[in-house]
Amino acid sequence: MVLLGTGTPVPDPDRSGPASAVVVDDSAYLVDFGPGVIRRAKAAVLDRHITALEPANLKVAFVTHLHSDHTAGYPDLILTGWTAGRRTALEVYGPTGLRSMTDHMLQAYRVDIETRTNSEGDQRGSPDGWKVNAHDIKSGVIYKDGKVTVTAFPTTHAMDSYGFRFDTPDRSVVISGDTSPTEETIKACNGCDVLIHEARALDLLARLPDERRAFGAKNHTTSEQLAALAAKARPGLLIVYHAWISWWPPETVSGTQPVTLTTGRLHSTPDVLQKEIASRYSGNFVIGRDLDVY
Ligand SMILES: [Zn+2]
Ligand SMILES: [Zn+2]
């Protein structure tokens, strides 16, 4: 399990947009493609020696929902993967609307695709690598090959959304995507080896403006709720991601200007989140960082 991006919509240089990879032997299965996904995949090759994550080798991807923080790396995955050497169509599975998003994405880049594949194009020897087979999914088994079975389960977020369970020969991994706490996640994990789940600190929630607090309460999970959920789901390891935290100081000085990561400093610290969960949950857990491998 490789964490390629553990971030949120916040443009935090340490925390790329949400993206995780399940790696089985030399095959990689991507979940979400937030901004920065391809560069983090290459970093996993160079820094962690996980050659399965060579950008050209990213051929199968799953997306939990269509929020921009989880999909802003989509053209990067399609087009950089192609120019890096992928010669076959990308297979992508996700909620209703994925096919339409894919069609529009390819339309938006038609000039690039045309000029790379015409008689003088630099990719004319690989005329199919830009193609995408996008599959709109429902709950249940959505993918199976010799190495993994992937089961989608519904989550509770602002739009059609899913979490995924991966069953491999030696491990089971569940990834929540963005969601408020749900029985479906507990059922999907049920003693799984690894549960990757979003959370936000209570400390942060208390400081949010009203409309954002209401959105968060409906569509996301607090540290307290995650602790209760994990106690029922009983994962071997809980990895917390997509948390509104930063390893940077709340405010840092660049030249003479103070710089904050988010308007109004709307993030918490890893330390606070760690303590909030540890005081309520006795199982094994970590706060995930980009390029962590489990
Ligand atoms: Zn979302
Ligand atoms: Zn998100």
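In this predicted model, strands S8 (residues 149-154) and S9 (residues 162-167) run antiparallel and are joined by six bridges; helices (H or I, at least four residues) and strands (E, at least two) are DSSP runs, numbered from the N terminus. Within this pair, Thr149 has Asp167 of S9 as its bridge partner. Both strands belong to an open, mixed sheet of seven strands in the order S7-S8-S9-S10-S11-S12-S15, where two strands pair if DSSP finds at least two bridges between them. Strand S7 (140-144) and strand S15 (285-287) form the edges, each pairing on one side only. From one strand to the next, the twist averages 20°; axes are lines fitted to C-alpha atoms, for helices over the stretch in contact, and angles run from 0 to 180 degrees between N-to-C directions. Helix H9 (residues 223-233) packs on the sheet through strand S11 (194-198) and strand S12 (237-241), its direction making about 160° with that of S11.

His70 lies in helix H2 (residues 68-71) and His242 in the loop between S12 and strand S13 (251-254), so the pair ties together parts 172 residues apart in sequence. His70 is buried at 0% relative accessibility, and His242 at 2% (buried, under 20% relative accessible area; exposed, over 50%; partly exposed in between; 1.4 Å probe, protein chains only).

Arg15, in the loop between strand S1 (2-5) and strand S2 (19-24), is likewise buried, at 4%. Its contacts (heavy atoms within 4.5 Å) beyond four places in sequence include His242, Ala243 and Asp290. The Arg15 side chain reaches the backbone oxygen of Ala243 at 3.0 Å.

Residues are numbered from 1 along each chain as its sequence is written, and chains are lettered from A and ligands numbered from 1 in the order in which they are written. Local features need pLDDT of at least 70 and side-chain atom pairs pLDDT 80 or more, whereas totals for chains, interfaces and linings use all residues; side-chain values use heavy atoms, without hydrogens and water.

Definitions and conventions. Polar contact = N/O pair within 3.5 Å; in protein donor to acceptor, adjacent residues only side chain to side chain.
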